[in-house]
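This briefing goes through one protein model by topic. Please look over the sequence and the structure before reading the points below.

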Amino acid sequence: MFVLRIVGIAFIALTLGACSTAATPIVTEWRNPGYAPAPFKRIMVGGPSGNTSVRRNFEDEFVVQLRAVGVDALPSYKYIPEDQEIDENKLRQAAQQARADAMLFPRSVQTEQKTKLGPSIPFSFGVFGPNVGAAWSGPAGSASVTRYKEYTSETTLYDVAKNELVWSATIKTTEPDNVQTAIKSYVEAVIKALDAQNLLPGRQ
């Protein structure tokens, strides 16, 4: 279930009368101040290991969104067997083999158990792990205790040719109700941040 540490994106954004979808938050962001943006033509994307379908969906979503902004993106599952764990070195070797200019690599940083105190609201949400779930007690307006897990992940962009770290971002998420929606939200957040930093060749 390691994959859900990376793709747990759907957030609780509820009020007493309605439910809304919250955007994936990038908590911190770093840009290499000495790096001059290159016109990346090919970017390889790595995905979370441990679940073939989630990894494929994760990488494919990045490929779709990157190609939409003019990047020739490549999924790593075509170069790294799906039964293998992905690390930075393996992804770099695959990117070099594919003659990619850059690579995007997500990794899990930590998982924290969280407790939320507040008035009870009749709702439920998915939480990572087979034995963990949301909990609430009493009618609306009474005290409640909700336990959930928060996942911190980091996504980095490397210039493969220069072997140089270009950009990184830390993202905090919780367990999603829908993995595909969560993946899309995660990818959109990363693409938006890269665009804002003028690191997407199709936007320069």
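**Helix packing and overview**

In this predicted model, helix α2 (residues 52-68) packs against helix α4 (residues 179-196) at an angle of about 40°, and their axes are 9 Å apart. The two helices are therefore oblique to each other, since an angle counts as roughly parallel only under 35 degrees and as roughly perpendicular from 65 to 115. The crossing of α2 and α4 is right-handed.

**The contact of α2 with α4**

- On the α2 side, the contact is made by Val54, Asn57, Phe58, Glu61, Phe62, Gln65 and Leu66.
- On the α4 side, the contributing residues are Val179, Gln180, Ile183, Lys184, Tyr186, Val187, Glu188, Val190 and Ile191.
- By type, the residues of this contact divide into 10 nonpolar, three polar and three charged.
- Valine 64 is also found in helix α2, and at 53% relative accessibility valine 64 counts as exposed, because the cut-off for exposed is over 50%.
- The C-alpha atoms of valine 64 and valine 187 are 9.9 Å apart in space, while the two residues are 123 apart in sequence.

**Chain as a whole**

- The protein chain has four helices and six strands.
- Read from the N terminus on, its elements run α-β-β-α-β-α-β-β-β-α.
- The protein chain has 204 residues, of which 46% count as buried.
- Of the contacts in the protein chain between residues at least 6 apart in sequence, 69% join residues at least 24 apart.

**Salt bridges**

- The structure holds five salt bridges, among them the pairs of arginine 55 with glutamate 59, arginine 56 with glutamate 82 and arginine 107 with glutamate 154.
- In the bridge between arginine 55 and glutamate 59, the closest N and O atoms are 3.1 Å apart.
- Arginine 55 and glutamate 59 are four residues apart in helix α2, so about one helical turn separates them.
- Both partners, arginine 55 and glutamate 59, are buried.
- For arginine 56 and glutamate 82, the closest N and O atoms lie 2.5 Å apart.
- This pair links distant parts of the chain, with arginine 56 in helix α2 and glutamate 82 in the loop between β3 (72-75) and α3 (88-97), 26 residues apart.
- Arginine 56 has a relative accessible area of 35% and is partly exposed.
- Glutamate 82, at 26% relative accessibility, also counts as partly exposed.
- The salt bridge of arginine 107 with glutamate 154 has its closest N and O atoms 3.0 Å apart.
- Here too the pair links distant parts of the chain: arginine 107 is in strand β4 (residues 102-119) and glutamate 154 in strand β5 (residues 143-159), 47 residues apart.
- Arginine 107 counts as partly exposed at 38% relative accessibility.
- Glutamate 154 counts as buried, because its relative accessibility of 18% falls under the 20% cut-off.

- Arginine 99 is not a glycine, yet has a positive phi of about 60°.
- Arginine 99 is found in the loop between α3 and β4.
- With a relative accessible area of 71%, arginine 99 is exposed.
- Asparagine 198, likewise a residue other than glycine, has a positive phi near 60°.
- Asparagine 198 lies in the segment after α4.
- With a relative accessible area of 46%, asparagine 198 is partly exposed.

**Glutamine 96 and methionine 44**

- Glutamine 96 lies in helix α3 and counts as partly exposed at 45% relative accessibility.
- The C-alpha atoms of glutamine 96 and methionine 44 are separated by 9.4 Å, although the two residues are 52 apart along the chain.

Terms used:
Residues numbered from 1 in each chain as written. Predicted model: local features only at pLDDT ≥ 70, side-chain atom pairs only at ≥ 80, totals over all residues. Heavy atoms only, no water. Axes fitted to C-alpha atoms, helices over the stretch in contact; angles between N-to-C directions. Parallel < 35°, antiparallel > 145°, perpendicular 65-115°, else oblique. Left-handed = near helix turned anticlockwise from the far one by under 90°. Contact = heavy atoms within 4.5 Å. Nonpolar A, V, L, I, M, F, W, Y, C, P; charged D, E, K, R; others polar. Salt bridge = Lys/Arg side-chain N within 4 Å of Asp/Glu carboxyl O. Buried < 20%, exposed > 50% of the residue type's maximum accessible area, 1.4 Å probe, protein only.
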